[in-house]
Amino acid sequence: MAIEAVEFASTLPVSAEEAYAWHGRPGAFERLIPPWAPVRVIEQSGDLAHREVILEAVIGPVRRRWVTKTLGAVPGRQFMDQHTGGPFARWLHTRLFEPVDQTRCRCVDRIEYQLPFGAAGSLAGGWVRRSLERVLRYQHTTLSHDLHAHQRFSAQGSRTILMTGATGLVGRGLLCYLTAGGYRVRRLVRRQPGPDDLRWDPAGGQLESAGLQGVDAVVHLAGESIAGGRWTAAHRRRVMESRTKGTALLARALAQLPRPPRVLVSASAIGIYGDHGQEVLTEQAPLRVEGEAGFLERVAQAWEAATAPAEQAGIRVIRLRMGMVLTPAGGALEKMLPPFRAGLGGRLGNGRQYVSWIAIDDVVGSIHHAILTESITGPVNATAPEPVTNAELTATLSRVLSRPSLLPVPAAVLRAVFGTMAEELLLASTRVIPERLQASGYPFRFPAVEGALRHVLGR
């Protein structure tokens with residue numbers, strides 16, 4: 001089969017030298033893997049001129065690995081990636097940076113490829129070309145947004161940031177975003193630590209506090225998944241303890257440091273507000289007291305209260321109340337996709353309950369913004385400025401996927417299957433506005449749900 005080629009170009013808001021440097025930093029390669037692609041990085045070594053990356057694709061029970069090697073690098077101007085052993089008979093990806101002026105460059109991508117299986121492989125030629133165009137469009141959009149965000153704070157210099165939950169849904173994206181932006185990120189992990197990691201055992205109350213010295217900021221994202229099936233007594237206990245014990249342990253350790261970090265961003269959730277129907281909720285909304293609050297409200301209140309030692313020690317504490325995070329790589333959207341792709345999705349209950357959502361890139365971006373914006377403190381709603389009803393969300397997802405939504409799920413069925421979790425997580429209406437993020441000037445990448453879905457799904 002003949003060699004095919006696809007090209008894509010856009011203007012980036014930085015110099016050619018800075019765009020090239022971004023690609024050579026840890027996390028940059030992973031940052032540009034689309035969230036819908038079933039591909040992950042297994043191992044990476046070398047600088048951009050001699051980089052080797054081992055990738056693995058997982059499609060159902062099938063796993064396949066291949067190697068990408070960089071060649072033909074011209075510092076500040078271009079590099080090429082060549083696949084060996086991958087799904088293509090030939091693959092050569094050239095990324096070129098052409099200066100426009102001192103603050104902008106034109107990024108040009110050219111992928112030369114050859115499909116396997118000869119004439120039989122050519123039958124998929126049109127689908128492959130469209131798929132590659134989707135990937136390049138996603139990469140250029142993400143790259144431009146990331147470079148612009150880092151440029152906004154370039155005068156503040158680099159920071160050393162400690163993270164918990166770095167392997168979680170938000171943590172993985174944040175780690176790549178920060179390291180590609182030039183930050184040093186240290187991870188607080190429960191397993192055997194790597195060279196730059198620190199070990200802790202939240203359940204056992206153990207933390208290597210001496211290693212926390214020199215950290216400028218801490219991002220705490222660790223915690224047991226709430227949506228892990230029916231809320232049994234054991235599951236409720238694990239959820240509560242994983243959030244309160246770990247947060248309290250970390251807050252106390254930070255408070256006792258001779259030179260504590262400037263800021264602690266601690267994850268929370270909009271479940272703290274409970275079901276409020278059509279009412280618009282900002283960070284100023286009153287919280288319900290113990291006898292009135294549901295399980296999610298009690299968890300989030302205890303979670304936030306556990307940060308008190310850090311706040312009392314003068315650390316700027318941000319309690320990030322996250323909404324539904326939209327990404328096909330995990331969370332609610334990942335669970336929604338199979339039935340909706342089959343045309344069997346639909347609204348939950350009557351669909352009138354509000355869903356306060358946020359695109360994964362805006363979660364990552366808002367955490368970065370909050371770390372470096374001194375005026376932000378206390379509770380911060382990490383939600384898009386345009387919440388939608390469940391009916392609007394499901395109709396939009398169906399439209400983006402070009403599929404009908406034929407099977408609404410009655411509330412009675414949800415209650416029978418999920419018990420109280422259905423009432424608090426699936427049928428509750430929480431209409432949240434990110435008042436503090438907006439007041440501080442955070443520029444949302446995806447304020448509207450359709451744009452967010454089209455980006456993360458490559459549609």
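Start by selecting residues 4-12 and 104-114: these are strand 1 and strand 7, which pair in the antiparallel sense over nine bridges. Strands pair here if DSSP finds at least two bridges between them; strands (E, at least two residues) and helices (H or I, at least four) are DSSP runs numbered from the N terminus. What you have open is a predicted model, where local features need pLDDT of at least 70, side-chain atom pairs count only at pLDDT 80 or more, and totals for chains, interfaces and linings use all residues. Residues are numbered from 1 along each chain as its sequence is written, and side-chain values use heavy atoms, with hydrogens and water left out.

Zoom in on Ser 10, whose bridge partner in strand 7 is Cys 107.

Next, select helix 7, residues 295-305, where the buried residues (under 20% relative accessible area, 1.4 Å probe, protein chains only) include Phe 295, Leu 296 and Trp 303. The buried residues of helix 7 pack against helix 6, strand 13, helix 8, strand 15 and helix 13 (contact: heavy atoms within 4.5 Å).

Then show the largest nonpolar core, with 58 residues; Leu 397 is among those that touch the most other members. A nonpolar core is a set of buried Ala, Val, Leu, Ile, Met, Phe, Trp, Tyr and Cys residues joined through side-chain atoms within 4.5 Å. Helix 10, residues 360-372, gives the most to this core, with seven residues.

Methods:
Buried < 20%, exposed > 50% of the residue type's maximum accessible area, 1.4 Å probe, protein only.
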